[in-house]
Amino acid sequence: MKTTALNAKILQFSIQIKFKCFCTISPPDFQTLLRKPNLLESSIVSALKSISSSPSLISHGQQLHSLVLKSGLESNVYIQNSLMSMYSKLGLFSCAKSIFGSSHKLDYVSCNIMLAGNVKYGRLDDAYELFVKMPLRNCVSYTTMIMGLAQNEYYGDAIRLFREMRLSGVVPGEVTMASVISAYARVNADERSAKLLHGLVLKLGLHLPVIVSTNLVLLYCMSSCVSDARIIFDEMVEKNVVSWNVMLNGYVKAGLVDLGRELFGEIPLKDVVSWGTMIDGYVQVGRLREALALYSEMRYTRLCPNEVMIVDIVSACGQAAKLIEGQQFHVLVVKMGFNCYDFMQATLIHFYGACAEIELACLQFDEANKDHVACWNALIAGLMRYGMVNDASHLFSMMPERDVFSWSSMISGYSQNGQLNLAIELFHEMVAKGIKPNEITMIGVFSAISSLGDLNEGIRAHDYMDKNSIPISDNLSAAIIDMYAKCANVDLALEMFYRVRDETRDVSPWNAIICGLAMHGHAEMSLRIFSELQRRNINLNSITFIGVLSACCHAGLVEAGEEHFKNMKTVYGLEPNIKHYGCMVDLFGRAGRLREAEELVKSMPMKADVVIWGTLLAACKMHGNTDIGERAAENLAKVEPSHGPSRVLLSNLYADAGRWEDAFSVRNRMRSEKLARSPGYSGIM
């Protein structure tokens, strides 16, 4: 740090010496310089260039400008360009603009200087207007404009301008390619685009600069081609910390956390972004213990966390309901002064709400900035999560201002708490007030409609989305497919699935259609779509296999079901949960393989619940197996002694086997224990 400061002082002193030497030239010597215009020009240009690198010397630059005007040199294009460049770099862009506007002999270099200044100060409209008027556009002109558009997130415009550049025959440079590749990574990230841009980079011989190769790694990662990204990364001649972080982030976003951890260990100089990315990777896959261990390891390096990392960890503690750990980070937030940030307050409110500490969430809300809508939203979400619907509604009514997330939290909360009609009514009120719903809103709406089974309402909501151009994410398309399936319209569910199938990167829409088809008995089609899914570069999850095993149940495909159940762990690394075991018990039970079903229940790594034993008992009733049925009923009674329907099933099982005394005995015990079978009801009356 001391060396850097010393170098800066030496540079500044050197510039001042140059300026003073130039300004103290005697009049006769200056007249001599005037007779040598090339020498004078180069001296002034050199002095202006030196001043441009140090904002504290702006007064020297203005004095030199005065000297230029007195000497009648203001019409010299090279000096004018140097003056414009100096003023632009030192923050006096209006002065640069004045010089540019008063000149009649400006060349393309002048235009490029002004173009860069407009971009630097966020005047994109002025920049584009100048760009269009330029008599000659070279690589610098196009690159400056493309960079400006990309930096301001006009990625599509940046890509279109690059195509225009190529058609005009202007050869791009390394900065051009880096900006364009970065723009593609944000909007058009697919394997084809990545390959085409990679090919162009190789053709132009621009693959060696670190800025280009790093952005290629980013594009391949964003295109879900992590292995291709790694090949480019390994071939890079030079790597900086950004290159390492981009590759690491690629692994993390793809869910390849263990590969990411290996790469993380190889990073020669880790910054806070490296640590934060790896910690986030563990958080995203639910490995909070490892995330916290890595955080502790980071602290030993004397690196301090930033607010983004703290938000990430506190949010993860909320998701995992780790109250003590989260409170330790709350202390750190206060120590580091991060509690002054409104978004941190909202995160803490959400954390306490997720940990069922509603009182602490309310206390945190009391300390928060009441003008920050996210704090209100976080408390509403916490109240809704624990069924405090009236309190949430009251809080919603008191809000001084509401955003789309406020409405979405209420709609989702009503839906999750069974207040389905209120969810739909609030959605209609939201639309009537002119507030445009987002993805989360619509997921809550479709969830409520699914539970109501109201197909007409679902079609209207879907039409509203299309007419208002609400973007369809993977989760939203899954909600629509699920809604149509639960409203018993398989054709519309399939239509929606085929509409998004080739664009989806997540498994959720596939899960929705596989489960929906299985639910309606279309087992063959469900399994056919699952086979197609296996050929795609999409990570399967546990929900996928619930749909697959359900389809096997409906079709009676016992061997196929066994194979899929086994592959969950051996091929896809997924641990079966109690629902998967329930599907297998049902599969064996329907096929009459009751002994295998019972053995599977005994081998389960978790305790069997009412559903498991009830499924086995129902299968025994179907196939008349009283021995296994008795054991299933006995175990079911241990899990839930007051479960009346299971006693009825056992009684009927005895009756079917002609064991009337046992049947009457079960019924008598039900009466003595005051158990009753669930009453029937009509869905019409």
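pLDDT is the predictor's confidence in each residue, from 0 to 100.

This is a predicted model, where local features need pLDDT of at least 70, side-chain atom pairs count only at pLDDT 80 or more, and totals for chains, interfaces and linings use all residues. Residues are numbered from 1 along each chain as its sequence is written, and side-chain values use heavy atoms, leaving out hydrogens and water.

Now colour the protein by confidence. The average pLDDT is 84, and 87% of the residues score at least 70. Residues 1–22 fall below 50, and this stretch has 21 contacts in the model beyond near neighbours in sequence.

Next, select helix α10 (residues 155–167) and helix α11 (residues 174–187). Helices here are DSSP runs (H or I, at least four residues), numbered from the N terminus. The two axes, lines fitted to C-alpha atoms over the stretch in contact, come within 9 Å and cross at roughly 135°. That makes α10 oblique to α11 (under 35 degrees is roughly parallel, over 145 roughly antiparallel, 65 to 115 roughly perpendicular, the rest oblique). Show the side chains in the contact, including Y155 and F162 of α10 and M177 and Y184 of α11.

Last stop: helix α32, residues 523–534. Its 12 residues should span 16 Å at 1.5 Å a residue, and its end C-alpha atoms are 17 Å apart, which agrees. The expected span is 1.5 Å times one less than the number of residues.

Technical notes
Helices (H or I, at least four residues) and strands (E, at least two) are DSSP runs, numbered from the N terminus. Contact means heavy atoms within 4.5 Å. Axes are lines fitted to C-alpha atoms, for helices over the stretch in contact, and angles run from 0 to 180 degrees between N-to-C directions.
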